Amino acid sequence: APTPTPTPGPCSATWCESGTLSGTGDWTEHPSSGAFDAPAGRHVGVLSGPDAADFDLHLWRWDSGSWLRVASGVSGNSEEHVDSNQPAGTYSWTVESYSGSGDYDVELTKPEESGGGGVTVVDQGRMSGTGDQEFHPTAMQGWFWSEAGPQTHHLRGPTSSRKDFDLFLYKYNEGSSEWELVAESTRARSEEDIDYDGAAGYYSLTVSSYKGRGRYTLTMTAPSMD
């Protein structure tokens, strides 16, 4: 007997759209409704295109009067996946033909508002060179009080492989009167992520340059930040 073919379920993304690219260099903006505002958090895009073509997927953020490309899927075929944590801002996606033509489907998901589930603070800074470090949140003298619960912190720095920024989370130990390292992200690049579920207390984040200099954005979310 033939094997039944399951019927695809409804798309669970924020936008589920289709399009056609006429050839190399052609591109289309998504969602079709235009650019959108989003809180700090995770953007996800999934592109499915023709086998005989090479389509790419790009995420853009409006920054200081122009569009800045902040994430891309450029695997060499038309099946792309982008998963990127970004600060709050105005965003847009594009599908572009590197080579070839044809039809495609794209599913795009934007971050959801926290709805009272936490407080998010976004800092921007600059590393002057190897060994430099800065404490965050800067508006709170480099430390904050948080209630117990999950925290998520995302560092986005230069994309060059010659630069390597790291992210460290400290908690103040009132018994010893010292700051203790409780979580870190030290990958060999400048994109770092910390997920930490801790007790109530005073916390501080440190961005450190292991190699190189440049600007960065740090998005910090905790149950409270006082």
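Two strands count as paired if DSSP finds at least two bridges between them. Keep that in mind for this tour of a predicted model.

**Stop 1: the sheet.** Select β10, β18, β13 and β16. These 4 strands form an open sheet in the order β10-β18-β13-β16, and their pairing is antiparallel. Look at the edges: β10 (119-127) and β16 (191-198) each have a single partner strand, so one side of each has no neighbour in the sheet. From one strand to the next, the twist averages 15°.

**Stop 2: β13 and β16.** Select residues 149-156, which make up strand β13; 8 bridges join β13 to β16, and the two run antiparallel. Now pick Gly 149 and find Gly 198 of β16 opposite.

**Stop 3: a salt-bridge network.** The structure holds 4 salt bridges. Select Arg 156, Arg 187, Glu 192 and Asp 193, which salt bridges link into a network. Start from Arg 187, which is partly exposed at 32% relative accessible area. The closest N and O atoms of Arg 187 and Glu 192 are 3.5 Å apart, while the N to O distance in the salt bridge between Arg 187 and Asp 193 is 2.7 Å. Glu 192 is buried, with a relative accessible area of 0%; Asp 193 is partly exposed, at 24%.

**Stop 4: Asp 83 and Arg 42.** Select this pair next. Asp 83 and Arg 42 form a salt bridge, with 2.5 Å between the closest N and O atoms. Asp 83 belongs to strand β7 (residues 79-86) and Arg 42 to strand β4 (residues 41-48), so the pair ties together parts 41 residues apart in sequence. Asp 83 is partly exposed, with a relative accessible area of 37%, and Arg 42 is partly exposed at 49%.

Methods:
Residues numbered from 1 in each chain as written. Predicted model: local features only at pLDDT ≥ 70, side-chain atom pairs only at ≥ 80, totals over all residues. Heavy atoms only, no water. Axes fitted to C-alpha atoms, helices over the stretch in contact; angles between N-to-C directions. Salt bridge = Lys/Arg side-chain N within 4 Å of Asp/Glu carboxyl O. Buried < 20%, exposed > 50% of the residue type's maximum accessible area, 1.4 Å probe, protein only.
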